Amino acid sequence: IFTGLMNRDYEIVTSRAVNEINHYDGTGTAASIAANRVSFTFNLTGPSLAIDTACSSFLFALHYALQAIKSGDCEAAICGGVNCIIDPRTFVSLTRAKMISPEGISKPFSKKADGYGRGEGCGVVFLKPLKKVKLLVKQPKVRLVAYLNFASSALIIT
């Protein structure tokens with residue numbers, strides 16, 4: 001499991017007074033445990049990492065997942081990224097720092113760039129080497145397969 005995530009909105013929203021702390025508060029909101037929860041829930045073994053590199057978190061998670069498959073650390077990987085905006089404090093702070101675009105739109109590499117637009121979402125991919133995916137294609141239950149060629153980085157969906 002390789003997860004890319006950032007921000008601590010859920011942790012902030014669920015923070016409690018000292019006398020209300022329960023046994024889930026120690027690790028229940030820790031970003032470092034997110035991948036481990038998925039591994040535990042589905043009884044998965046192998047690498048289990050939560051990666052926070054800000055906006056590039058998912059891309060780094062994907063990079064490490066592909067490296068783990070190529071090096072033989074695992075035969076397949078689940079890689080996901082998530083960002084949820086559920087607390088206004090980060091937005092307010094970034095706005096006061098003049099980092100947020102007044103239009104709410106990122107304009108990378110443009111002369112009109114005036115900050116960035118925050119977004120939220122979640123995506124998960126299952127990664128497996130092409131040789132092993134081709135074996136799965138012959139099974140009638142497989143409806144969608146994404147072939148990923150490590151040499152050319154081409155993505156073909158069939």
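The model is predicted, so local features need a pLDDT of at least 70 and side-chain atom pairs count only at pLDDT 80 or more, while totals for chains, interfaces and linings use all residues. Residues are numbered from 1 along each chain as its sequence is written, and side-chain values use heavy atoms, with hydrogens and water left out.

**Helix α3**

Helices here are DSSP runs of H or I with at least four residues, strands are runs of E with at least two, and both are numbered from the N terminus.

Next, look at which parts of α3 are covered. A residue is called buried under 20% relative accessible area, exposed over 50%, and partly exposed in between, using a 1.4 Å probe and protein chains only. By that rule, S57, A61, A65, L66, A68 and I69 of α3 are buried. Seen down the helix axis, these buried residues fall within an arc of 165°, so they line one face of α3. The arc is taken from the directions that run from the helix axis to the C-beta atoms. On the other side of α3, L59 and K70 are exposed. After the helix comes G72, with a positive phi near 90°.

**A pair of rings**

Helix α3 also holds F60 and Y64, which are four residues apart and therefore separated by about one helical turn. Rings of Phe, Tyr and Trp (its six-membered ring) pair if their centres lie within 6.5 Å; planes under 30 degrees apart count as stacked, over 60 as edge-to-face and the rest as tilted. By this rule the count comes to one aromatic pair. In that pair, the ring centres of F60 and Y64 are 6.4 Å apart and the planes stand at 40°, so the pair is tilted. F60 is partly exposed at 36% relative accessibility, and Y64 is partly exposed at 40%.

**Salt bridges**

Now for the charged side chains. A salt bridge is a side-chain nitrogen of Lys or Arg within 4 Å of a carboxyl oxygen of Asp or Glu. The structure holds three salt bridges, listed here with their distances.

| Side chains | N to O distance |
|---|---|
| D87 and R89 | 3.0 Å |
| E103 and K107 | 3.6 Å |
| D114 and K107 | 2.8 Å |

Which residues are linked in a network of salt bridges? They are E103, K107 and D114. In the bridge between D87 and R89, D87 is buried at 7% relative accessibility, whereas R89 is exposed at 53%.

**A nonpolar patch**

Y10, V13 and I86 form a nonpolar patch on the surface, with about 300 Å² of accessible area together. Patches are made of residues with over 30% relative accessible area and no salt bridge; like charges are joined within 9 Å, and nonpolar side chains (Val, Leu, Ile, Met, Phe, Trp, Tyr) within 5 Å. Accessible areas come from the Shrake-Rupley method with a 1.4 Å probe, and for residues only the protein chains shown count as cover. V13 lies in helix α1, residues 9–14, and is partly exposed at 45% relative accessibility.

**Residues in the loops**

Finally, turn to the loops. C55 sits in the loop between β2 (49–51) and α3, and is exposed at 66% relative accessibility. C55 and L5 are 50 residues apart along the chain, and their C-alpha atoms are separated by 8.5 Å.

Where does N43 lie? N43 is in the loop between α2 (34–41) and β2. N43 has a positive phi of about 55° although it is not a glycine, and is exposed at 68% relative accessibility. K98, in the loop between α4 (88–96) and β4 (121–127), is a residue other than glycine with a positive phi near 60°. K98 is exposed, at 71% relative accessibility.
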